[in-house]
Amino acid sequence: HFGLKAQLQYFFFFQAEDGIRDAQESRGLGDVYKRQEYMGTALVLAKNGLLEGETGTTYPDPDYLKLIPNKSKITDRVVVSNKIISSRAPGTSVEWGLEIVKQLFDAKTSEALREGILARA
């Protein structure tokens, strides 16, 4: 477990909603969102050389996959490698969050949370 004293860094990436793409409603934000791309935890770390010696997973795109140095768990939905927790795509974000809870607290807390939000096991 990482323990409660673990230093955490969060990376949040949002997809633009239709209202934001509307020029009158977006105040120019639509153009910013159009330039963004999905970058999962492992991809951000890999692009900065921080995934060396670790395993990870990322979105199944050939350009992204080539950046992951250790591909032994590349098709896993969530990967824990020492103090790095990565997930494959936006659709795995709940599993990723539950794994963070498991590592910071314990499996019982993570399971109770999963049941409470009605997430699939």
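Trainee: Which residues of helix 6 are buried?
Mentor: This is a predicted model. Buried means under 20% relative accessible area. In helix 6, the residues that count as buried are Trp96, Leu98, Glu99, Ile100, Val101, Gln103 and Leu104.

Trainee: How far apart are the end C-alpha atoms of helix 6?
Mentor: Helix 6 covers residues 93-104, which is 12 residues.

Trainee: Which residue meets glutamate 95 in a salt bridge?
Mentor: The N to O distance is 2.5 Å, and a salt bridge needs the nitrogen within 4 Å of the oxygen. The pair links distant parts of the chain, 18 residues apart. Glutamate 95 sits in helix 6, and its partner lies in the loop between helix 5 (62-65) and strand 1 (78-81). That partner is arginine 77.

Trainee: Is arginine 114 buried or exposed?
Mentor: Arginine 114 has a relative accessible area of 15%. The cut-off for buried is under 20%, so arginine 114 is buried.

Trainee: Which residues are joined with Arg114 into one network?
Mentor: Arginine 114 forms a salt bridge with glutamate 111, with the closest N and O atoms 2.4 Å apart. Both lie in helix 7, three residues apart, about one turn of the helix. Salt bridges that share partners join Arg114 into one network with Glu111 and Glu115.

Trainee: Which residues form a nonpolar patch on the surface?
Mentor: Isoleucine 117, in the segment after helix 7, is partly exposed at 47% relative accessible area. Patch members need over 30%, so isoleucine 117 clears that cut-off. Together the patch has about 240 Å² of accessible area, and its members are Val94, Leu113 and Ile117.

Conventions: Residues are numbered from 1 along each chain as its sequence is written. This is a predicted model: local features need pLDDT of at least 70, side-chain atom pairs count only at pLDDT 80 or more; totals for chains, interfaces and linings use all residues. Side-chain values use heavy atoms; hydrogens and water are left out. Helices (H or I, at least four residues) and strands (E, at least two) are DSSP runs, numbered from the N terminus. The expected span of a helix is 1.5 Å times one less than its number of residues. Buried means under 20% relative accessible area, exposed over 50%, partly exposed in between (1.4 Å probe, protein chains only). Patches are made of residues with over 30% relative accessible area and no salt bridge: like charges are joined within 9 Å, nonpolar side chains (Val, Leu, Ile, Met, Phe, Trp, Tyr) within 5 Å. Accessible areas come from the Shrake-Rupley method with a 1.4 Å probe; for residues, only the protein chains shown count as cover. A salt bridge is a side-chain nitrogen of Lys or Arg within 4 Å of a carboxyl oxygen of Asp or Glu.
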